[in-house]
Amino acid sequence: MDAMPRIDRASLMTLETYARERPQFRGKVIAHKKHRTVHLGEHVTLVFEDELTIRYQVQEMLRIERIFEEEGIGEELAAYNPLVPDGRNLKATMMLEYPDPDERSKRLAELIGIEDKVWIQVETHERVWAVADEDLDRANEQKTSAVHFLRFELGEAAAQALKEGAGLAIGVDHPCYSAKLELPSAVRDSLAKDLA
């Protein structure tokens, strides 16, 4: 299996180039994310990451933090490259969205463990449960975080079926939050490209 592309130092734009190219690049990423964003009910959004979405995150962090030294750039790449799918999985950023701060605080306390209750299912195959927040501590006994990083590891048969056009469902089964969705074909097709 070929490794999926990683973002390397040589492929990044300089801060000056990025400042010039940012409007067009940002527009391209926003359009790309339309087929990689899934709303599970009113309050859970998953953005499935890939090389382009993570490249944008890296470029934005370098811009915001004004990072131009090799060491800092290397640290950003080390932090973000693990979020790029590696050919046998799908990776997503999950956001719990409650605009009102008081409601958010209450809901995050009720939703402890929700990050472990998200699943995907390729038609006729077993559900694949998310592996959440690897190497990151994003929850405690009082509340969960509003942002989680999920990985869905697909077996060979499920990956092949998805690449061949099988349906893909996604859901969350938490005692305080439940939702299920059959993904539109445009989203499924976009995610299937993450597989080697």
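Colleague: What makes R63 count as buried, partly exposed or exposed?

Modeller: The model is predicted, and in it R63 has a relative accessibility of 30%. Buried requires under 20% and exposed over 50%, so R63 counts as partly exposed.

Colleague: How do you know that E60 is buried?

Modeller: The relative accessible area of E60 is 8%. Because buried means under 20%, E60 is buried.

Colleague: Why is the contact of E60 with R63 called a salt bridge?

Modeller: The closest N and O atoms of E60 and R63 are 3.4 Å apart. The cut-off is within 4 Å, so the pair forms a salt bridge. E60 and R63 are three residues apart in helix 2, about one helical turn.

Colleague: What makes E51 and R55 a salt bridge, and where do they lie?

Modeller: Their N to O distance is 2.5 Å, and a salt bridge requires such atoms within 4 Å, so E51 and R55 qualify. Both residues lie in helix 2 (residues 51–65), four residues apart. R55 is buried, at 13% relative accessible area.

Colleague: How are D189 and R188 classed, buried or partly exposed?

Modeller: R188 has a relative accessible area of 14% and is buried, whereas D189, at 37%, is partly exposed. Their side chains meet in a salt bridge of 2.8 Å, N to O.

Colleague: Why are strand 1 and strand 6 said to stand at the edges of the sheet?

Modeller: The open sheet has five strands in the order 1-2-3-7-6. Strand 1 (37–40) and strand 6 (131–132) each have a single partner strand, so one side of each is left without a neighbour in the sheet.

Technical notes:
Residues numbered from 1 in each chain as written. Predicted model: local features only at pLDDT ≥ 70, side-chain atom pairs only at ≥ 80, totals over all residues. Heavy atoms only, no water. Pairing = 2+ DSSP bridges. Helix = DSSP H or I, 4+ residues; strand = E, 2+ residues; numbered from the N terminus. Buried < 20%, exposed > 50% of the residue type's maximum accessible area, 1.4 Å probe, protein only.
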